[in-house]
Amino acid sequence: MTLRIGSGSAWWGDRISPAERNAAEGDLDYLCFETMAESTVSAAQVRARRDPTFGGYDTYLEDRFRAVLPHCIRRGTRIVSNQGWIDPLAAARKVKALLVEHGAGDWPVAAVTGGVITDRVRDLAGSVLETGAPLSSITDPIVSAEAYLGAEPIVEALAAGAMVVLTGRVADPSLFLAPMMHAFGWASTDHARLGQGTGIGHLMECGAQVTGGYFADPGFKDVPDPWDLAFPIAEVEPDGSAVITKVAGSGGLVDRRTVLEQMFYEVHDPARYLTPDVVVDFTSAEIEEIGPDRVRVSRIGGTPRTDTLKVSVGVLEGFVGEDTFYYAGPGATDRARLAERILRERFRVVGLVAEELRIDILGVSALHGPMSRSTAEPYEVAVRVAARTRTRAEADKIGREVDGMAVSGVGMTAKRVPHGDRVREVVGIWSTLVPRDAVRPQVHLL
Amino acid sequence: MSEPTIRVPLRALAHARAGDKGNTSNVAVIVYAPELYPLVRDQLTPERFAAHFRGRITGRVERFEVARLGVINYVAHGALGGGVSRNLNLDQYGKSLSAAVLGFEVEVPARLRNSLRGPLPDSPTTPRPDDHPGGTDGH
């Protein structure tokens with residue numbers, strides 16, 4: 001038996017049509033949606049407090065489900081998704097309503113909850129992984145703390161008959177591992193298969209990043225029809241080995257290079273990739289190109305999981321104000337540098353209080369800073385100003401001073417009409433570990 | 001090293017992908033051919049990686065070698081301005097750091113030029129001892 005698992009998204013803003021194509025043409029047993037970045041939960045918590053119309057789940061949930069449900073219902077494709085964000089139950093109720101609308105109201109829908117530990121994190125957690133300092137050293141308001149759950153509660157939901165499983169924060173590869181564990185009956189102590197299956201999940205979790213997305217470099221790594229990328233499909237065998245592929249006729253490519261780039265994406269020690277289910281060892285992996293856009297991946301290793309869970313902690317840390325304006329033609333860079341000098345003086349005059357102020361000349365050194373190679377004078381440049389501040393009023397000064405550059409600045413300054421999105425709130429994301437048994441996931445069946 | 005060499009950007013030997021976690025960026029460097037692996041391993045040491053990124057990353061650099069897959073994974077701490085959400089750099093996730101490493105210059109024996117990608121210099125250059133890419137600690 002070969003299990004066919006398709007990717008439906010790699011993040012909240014991802015395209016929807018490739019999910020529909022996988023559902024329609026992929027002959028899938030499972031379709032898995034990954035929609036959360038590190039900051040998704042904290043941003044959702046902040047929004048939930050201010051916006052009563054916000055449902056607490058993926059804002060594209062309805063769009064995504066409307067696109068795939070007719071195909072999934074026809075084929076009997078089960079769906080595993082972390083679109084539940086901070087309210088998986090609300091997401092599950094919404095999906096149930098959509099199923100009724102599509103004539104599949106008898107499909108059981110599950111919600112996995114229990115990962116949110118905001119009210120307990122200060123008691124449970126030790127130190128901040130990034131800094132080594134105790135969690136108590138965080139004095140700013142903690143708006144969210146959620147554990148990365150593993151595959152087990154999803155397996156429980158599938159075993160209970162759920163055709164759709166909605167979760168909040170779950171380790172991304174676990175979304176893909178759970179169907180394998182359920183279909184093949186792997187135990188949570190079967191480290192070898194869990195390692196292999198999690199490795200495949202890791203290759204799948206970023207969607208098009210293994211099918212030719214985030215990859216093209218013209219002349220060095222060319223991608224066919226890059227405007228028509230498909231999301232990946234894994235054809236998984238009972239031992240966890242899998243062929244990574246995509247629907248026929250789509251653009252993009254799957255080969256040894258795309259698989260290797262994704263295998264090491266966001267990995268630190270490749271022999272010890274920590275997940276809630278298992279510790280993965282990629283160093284033993286075998287990667288074989290067995291046909292066009294077909295790559296077999298096997299022999300990824302696994303060792304027992306740790307007795308802690310990673311928790312992502314969101315902290316309100318102030319604001320960022322930013323704005324950009326532009327120069328072109330002869331002397332563009334000189335005018336940009338004068339503008340930078342004027343702004344630095346102006347920020348002194350208006351008494352800007354910022355933790356960090358940054359003025360970049362885009363086109364010269366904005367992204368790579370001091371390591372940027374000097375090349376010929378660019379024809380056009382942008383001046384981009386950003387500051388991180390404690391208060392919104394201070395952040396507002398960035399856009400207000402850039403406004404002043406219109407009539408009081410440098411000659412031939414090109415500028416956008418002042419716009420409203422020049423200040424954003426900063427939710428710092430920090431990591432910590434809590435004892436595994438302090439987190440009790442719950443499965444609700446609708 | 002007496003055999004003729006050519007000096008080329010790492011981009012001729014390898015491709016790369018950057019990923020973010022907290023304030024740390026990992027840059028996986030993947031050689032196009034196995035015979036190129038020792039060149040990258042010997043020349044793009046963690047120290048030279050850090051020197052190449054001087055002023056752009058603030059923390060230490062770790063390196064994980066997986067020779068059988070042709071991959072060297074560099075883990076650069078302090079690469080993301082305090083973390084993605086706090087980062088004032090326009091490249092908040094540090095995705096373009098993989099392009100930055102591809103600008104690192106590598107000396108390649110001229111006999112391996114058929115293994116390289118992209119435009120190459122015409123004639124071999126014999127390096128001077130103080131002319132080694134990435135530093136003056138010639139070996």
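Mentor: We'll talk about a strand, a charged residue and some rings. This is a predicted model, where local features need pLDDT of at least 70, side-chain atom pairs count only at pLDDT 80 or more, and totals for chains, interfaces and linings use all residues. Residues are numbered from 1 along each chain as its sequence is written, chains are lettered from A and ligands numbered from 1 in the order in which they are written, and side-chain values use heavy atoms, with hydrogens and water left out.

Trainee: Which way do the side chains of strand β6 of chain A point?
Mentor: In a regular strand, side chains alternate between the two faces of the sheet. Here A:Val164 and A:Leu166 point one way, A:Val165 and A:Thr167 the other, and all are buried (under 20% relative accessible area, with exposed over 50% and partly exposed in between; 1.4 Å probe, protein chains only). Strands are DSSP runs of E, at least two residues, and helices are runs of H or I, at least four, numbered from the N terminus.

Trainee: Which residue of β6(A) is the bridge partner of A:Ser81?
Mentor: Two strands pair if DSSP finds at least two bridges between them. A:Ser81 has A:Leu166 as its partner, and β3 runs parallel to β6(A), with 3 bridges.

Trainee: Where does A:Asp14 lie?
Mentor: In the loop between β1 and α1 of chain A. Contact means heavy atoms within 4.5 Å; beyond its neighbours within four places in sequence, A:Asp14 touches A:Ser9, A:Arg64 and A:Phe231 by that contact rule.

Trainee: Which lysine lies over the face of A:Tyr214?
Mentor: We want NZ of Lys or CZ of Arg within 6 Å of the ring centre and within 35 degrees of the ring normal. B:Lys95 does this, 4.7 Å from the centre, and A:Lys310 lies over A:Tyr148 at 5.2 Å.
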